[in-house]
Amino acid sequence: MSEPSRIRPATRGDGPEIVDLLNACDVAEIGEPDTTLEDLENDWTMEGFDLSRDAWVAESPGGTIVGYAYAGDQLHTGELEADLWTHPEHHERELGGRLLGLAERRAARLAVERAYADPTMDVFCATTNRAKRDLLRRHGFTLKRTVLRMTIDLANGVRALPVPRGLAIRTFRPETEARVVYETMNEAFRDHFRQSEEPFAAWRARLLGHADFRPDLWWLAWDGERAAGALIAYDHGDLGWVKSLGVRPPWRRRGLGGALLTHAFTEFARRGQMRVDLGVDVEGETAPLRVYERAGMQEDSAHELYARRLAG
């Protein structure tokens, strides 16, 4: 029997090797690399995240990083999040379970520290990753939701959808409108299954402090002096990403979501970014999937969200 991997807390110096690991997992799951060092470091700078306690790497006997896991509390609702990765070419039967156990124990401790009454832990799993799905099910996780990744090739043109009568879409002004976007998104996603109670300061630091933040890729839709909806997007160089698209309830079912989305597509195309992706909750109550399909997007891949209650 080969010697098991050594698991230790992650350090910032591990970043490049962790990214290589995550990209190897991306290729195995969706056919292409999808992680950058900036993505990883942005995760590590979330409010309250302590790299020395909240993330781990697994090293093979030869010193290569073959596993990574983390636990966190971004949502501040008692619904904690975690994830784990093992290199697709490293076959060590118990490694996934060891990493999952560390993440679960850390999430349980965070839940106790923050006095959550009925805490749970969420883990996403690509639908193509059967080994991870089986691991989660063996550890008592149950399927909660399915999230699709949608994509569009703007080289084929933008199917512009009209702005509803009486509304106007304007570029975000970070000096004066950050709280407006924050409140708009909170109201738009009030009934969403993972609605966050993230404090404004933490939200601002996470999104406006992202390495790829550009104010001309954020928009607000206005009805006079009232904000009706908003869209947050980033250009990651090889990929445009719509982080969030929300419409407040009084302005729904009028085509505003599609207008915001195709407005963003037009700007991405102007910048020369031809691929744009986003994630969508299949069971979303506002039926966003139809909006994205009308805008010309297609399904690229799918992930399942698994959850289980945490022990006290």
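Colleague: Is Asp-73 buried, partly exposed or exposed?

Modeller: This is a predicted model, in which local features need pLDDT of at least 70, side-chain atom pairs count only at pLDDT 80 or more, and totals for chains, interfaces and linings use all residues. Residues are numbered from 1 along each chain as its sequence is written, and side-chain values use heavy atoms, with hydrogens and water left out. Buried means under 20% relative accessible area, exposed over 50%, and partly exposed in between (1.4 Å probe, protein chains only). Asp-73 has a relative accessible area of 7%, so Asp-73 is buried.

Colleague: Which residue forms a salt bridge with Asp-73?

Modeller: A salt bridge is a side-chain nitrogen of Lys or Arg within 4 Å of a carboxyl oxygen of Asp or Glu. For Asp-73, the closest N and O atoms of the pair are 2.7 Å apart, and the partner is Arg-114.

Colleague: How many residues apart in sequence are the parts that Arg-114 and Asp-73 tie together?

Modeller: Helices (H or I, at least four residues) and strands (E, at least two) are DSSP runs, numbered from the N terminus. Arg-114 lies in the loop between α4 (95-113) and β5, whereas Asp-73 lies in the loop between β3 and β4, so the separation is 41 residues.

Colleague: How many disulfides does the structure hold?

Modeller: A disulfide is a pair of cysteine sulfur atoms within 2.5 Å. The sulfur of Cys-25 has its closest cysteine sulfur in Cys-125, 11 Å away, which is too far for a bond. The number of disulfides in the structure is 0.
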